[in-house]
Amino acid sequence: MVIAIIGVLIALLLPAVQAAREAARRSMCTNNVKQLSIAVHNLHDTHSRLPQTIQIEEEYQYCAKNAPSTGFTWEPGGGQHWRWNHMLQILPYMEQLAIYEDRVTRIGSLASYSAGSQFKSSALLCPSDPNKNMDNRFLNYVGCRGDLVPHYRNDSGDVRGVFRKGRGAGGEPGYCDFAVISDGLSNTLMWSEAAMAATVSTPASGTYTVSNVPLKGFLVSVTFDRTTGAYPKTCASKQSLGNTITPSETAAVGNGGGIIAGTRIFDGVGQFALFHAILPPNYPSCGNPGQYGAMESADTIHTASSYHPGGVNASMADGSVRFFSNTIDPGPILTDLSTLSGFTSGLPTKYTGPSFWGVWGALGTTGGGENKSIE
């Protein structure tokens, strides 16, 4: 009888203990997002601009110094120096000046933005993510790219989110500051969470998709055209998969089974450190398959996600942090983009009107003029 009573008490107490532990982890995660927001504000106070997500100022200074005498180029000597991102720029404002200085010296080295330049920091990892202790998983917190899918580098109309590219192809400034955010800092998303990918077996050479992996952290392999057609409808429909990407569905993992969420901090190409305010929190992320698909792809929807029950932590541009529910209004995500009023065929980032994607999409734009807020 006593054993039975003890068993009942344990059964009653265990959920409460688990809930208390998750509450503590979520609180730590909230603080991480807050500190990232403070770092952005400190950078803005110093440089009168926001962090640049690609073609950043540090790269420009390196390339301008080392470019051939024939004129400025982003790739003196053939290196891909333009690929460093906003995460590098905020390091000095996160008490990581030594790491910043070390990484800046790597700008002149080919591919130094990727695996060889990562570092592990609890400030960039959510305590609730089960993959946080993996040796090659580094990043849970990502900047808002906006509510439309641009090309990772070349779309001239890439002006919808807080995190934008820096200098243009000729070295001309192209960055964002707080003055550009006409929707109001308290109504504009800055940071959110992205679940990191779990362990994945390396596919055979030339194979860039896998199955039987978690939905969170991976990109469902979907071929869609960001300029027209059924996007984000195609990706939103994958919500029916539940928790696992099982055959006949596949996940796009990129070259050699890698190039997945959480594996690169400083790489500005694709969506390694960015998310889209298109599909609601914890909906699927989707990307085209192929060697340069997955996180490096232009045609990718990277959705905010977490292991917190019911939603994600996210900060606004004013630095406040809120918890956003999975059920936030997403607008007509199951409608073909090409049928929506105001959109015409061509680059989506040429569109300058109110977001199509409900409250969540409206919060993802800096100047969509939407009459929507989180209050």
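**A guided reading of the predicted model**

Strand β1, which covers residues 141–144, is joined to β2 by three bridges, and the two strands run antiparallel. Within this pairing, Y141 stands opposite E193 of β2. C144, in turn, counts as buried because its relative accessibility is 0%, under the limit of 20%.

The average pLDDT of the chain is 85, and 85% of the residues score at least 70. Over residues 152–157, however, the pLDDT falls below 50; in the model this stretch has 22 contacts beyond near neighbours in sequence.

The next topic is the nonpolar interior. In soluble globular proteins, nonpolar side chains tend to be buried together. In this model the largest nonpolar core has 36 residues, and those with the most contacts inside it are M87, L88, I90, L124, W191, I265 and F266. The elements that give two or more residues to this core are α1 (2–47), α3 (86–90), α4 (97–104) and β2 (189–193). Helix α1 supplies the largest share, six residues.

How many disulfides does a search of the whole structure find? The search finds one. This disulfide is formed by C235 and C286, whose sulfur atoms are 2.1 Å apart. The link is right-handed, with 90° about the S-S bond. It connects distant parts of the chain, for C235 lies in helix α5 (residues 233–236) and C286 in strand β9 (residues 285–287), 51 residues apart. Both C235 and C286 are buried.

C29 is itself buried, with a relative accessible area of 0%.

Charged side chains form a further set of links, and the count of salt bridges comes to ten. One of them joins R103 to D102, with the closest N and O atoms 2.7 Å apart. Are these two partners buried or exposed, or do they lie in between? R103 is buried, with a relative accessible area of 7%, whereas D102, at 30%, counts as partly exposed. The difference in class follows because buried means under 20% and partly exposed lies between that limit and 50%.

Another salt bridge brings together the side chains of K238 and E249, at 3.0 Å from N to O. K238 lies in the loop between α5 and β6 (244–245), and E249 in the loop between β6 and β7 (251–252), so the pair ties together parts that are eleven residues apart in sequence. K238 is buried, at a relative accessible area of 15%.

The side chains of E296 and R264 also meet in a salt bridge, at 3.5 Å from N to O. This pair links distant parts of the chain: E296 is in the loop between β9 and β10, R264 is in the loop between β7 and β8, and they are 32 residues apart. E296 and R264 are both buried. Salt bridges that share partners join R83, R264, D267 and E296 into one network.

The last stop is S305, in the loop between β10 (300–301) and β11 (311–316). S305 counts as buried because its relative accessibility is 8%, under the limit of 20%. Not counting residues up to four places away in sequence, S305 touches E193, A194, A195, N282 and V312.

How values were computed
Residues numbered from 1 in each chain as written. Predicted model: local features only at pLDDT ≥ 70, side-chain atom pairs only at ≥ 80, totals over all residues. Heavy atoms only, no water. Core = buried A, V, L, I, M, F, W, Y, C linked by side-chain atoms within 4.5 Å. Buried < 20%, exposed > 50% of the residue type's maximum accessible area, 1.4 Å probe, protein only. Helix = DSSP H or I, 4+ residues; strand = E, 2+ residues; numbered from the N terminus. Disulfide = S-S within 2.5 Å. pLDDT = per-residue confidence, 0-100. Contact = heavy atoms within 4.5 Å. Pairing = 2+ DSSP bridges. Salt bridge = Lys/Arg side-chain N within 4 Å of Asp/Glu carboxyl O.
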